[in-house]
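Hello,

Here is the structure I promised to pass on.

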Amino acid sequence: MLARLTIALCLCGVGAKPANLDLALKDLQGKSVNLSGYKGKVILLDFWATWCPPCRKEIPGYIELYNAYKSRGLVVIGVSMDEDTPDVKNFATQMKMNYPILLGFGREDDLKPAFGDLPLPTSFVIARDGRIYARHDGLTAKEQVEREIAALL
């Protein structure tokens, strides 16, 4: 385990920015979920919307990554920027999204200072120590994200 942690720290680099995980967002059932509760895991944090074609294209790959690596400490967290929660629930059911989905609409005042501008899709790969390993704006190949995740596990 120490060897894996050392590798992750080296890959992130000394100047890697810590992710602001001190945010609580509602899940699809209206329960408040604090992102800091996931510290200690490798996090794939994905900002998306149901109406965003590149977002829709990425999600099946993220489901596959979650299934492949969750037993090793990966958590995928989808933050929907949709205004309509029932649409998000229907979409999540249709896509068989099996990872936590949080609601980011109306929270831009909290999200922008924490993560910067969020063109959709935007995803972050966050190391176990809470530092941002990678940021992806726009459609990103599953294989690229998988390499980053695997390096941190």
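**Asp117 and its surroundings**

Asp117 touches Lys112 and Arg135, leaving aside residues up to four places away in sequence; contact here means heavy atoms within 4.5 Å. Asp117 sits in the loop between α4 and β6. Its C-alpha atom is separated by 9.6 Å from that of Asp137, 20 residues apart along the chain.

Before going on, a word on the basis: this is a predicted model, where local features need pLDDT of at least 70 and side-chain atom pairs count only at pLDDT 80 or more, while totals for chains, interfaces and linings use all residues. Residues are numbered from 1 along each chain as its sequence is written, and side-chain values use heavy atoms, with hydrogens and water left out.

**The chain as a whole**

The protein chain has five helices and seven strands, in the order α-β-β-β-α-β-α-β-α-β-β-α. Helices (H or I, at least four residues) and strands (E, at least two) are DSSP runs, numbered from the N terminus. The radius of gyration of the chain is 15 Å, which agrees with the value near 15 Å for a compact globule of 153 residues; this is taken over C-alpha atoms, and the globule rule is 2.2 Å times the number of residues to the power 0.38. The C-alpha atoms fill a box of roughly 45 × 30 × 25 Å along the principal axes.

Of the 153 residues, 47% count as buried (under 20% relative accessible area; exposed is over 50%, and partly exposed in between, with a 1.4 Å probe and protein chains only). Among contacts with a separation of 6 or more, 68% join residues 24 or more positions apart.

What is buried in helix α4 (residues 108-115)? Leu111, Ala114 and Phe115 are. Seen down the axis of α4, these buried residues fall within an arc of 70 degrees, so they line one face of the helix; the arc is that of the directions from the helix axis to the C-beta atoms. On the other side of α4, Asp109 and Pro113 are exposed. The buried residues of α4 pack against β1 (24-27), β3 (42-48), β6 (122-126) and β7 (132-137).

Gly116 follows α4 and has a positive phi, near 85 degrees. Further on, Pro121 also has its place in the loop between α4 and β6, and the peptide bond from Leu120 to Pro121 is cis, with omega near -10 degrees. For context, most residues other than glycine have a negative phi, and most peptide bonds are trans.

**Helix α3 and Lys96**

In α3 (85-95), Val88, Phe91 and Ala92 are buried. They fall within an arc of 100 degrees seen down the axis of α3, so they too line one face of their helix. The face turned away from that buried side carries the exposed residues Asn90, Thr93 and Gln94. The buried residues of α3 pack against β3, α2 (53-69), β4 (74-80) and β5.

Just after α3, Lys96 takes a positive phi of about 60 degrees. Lys96 lies in the loop between α3 and β5 (101-103) and is exposed, with a relative accessible area of 65%.

**Helix α5**

In helix α5 (residues 142-152), Val145, Glu148, Ile149 and Leu152 are buried. They cover an arc of only 95 degrees around the axis, which puts them on the same side of α5.

Best wishes
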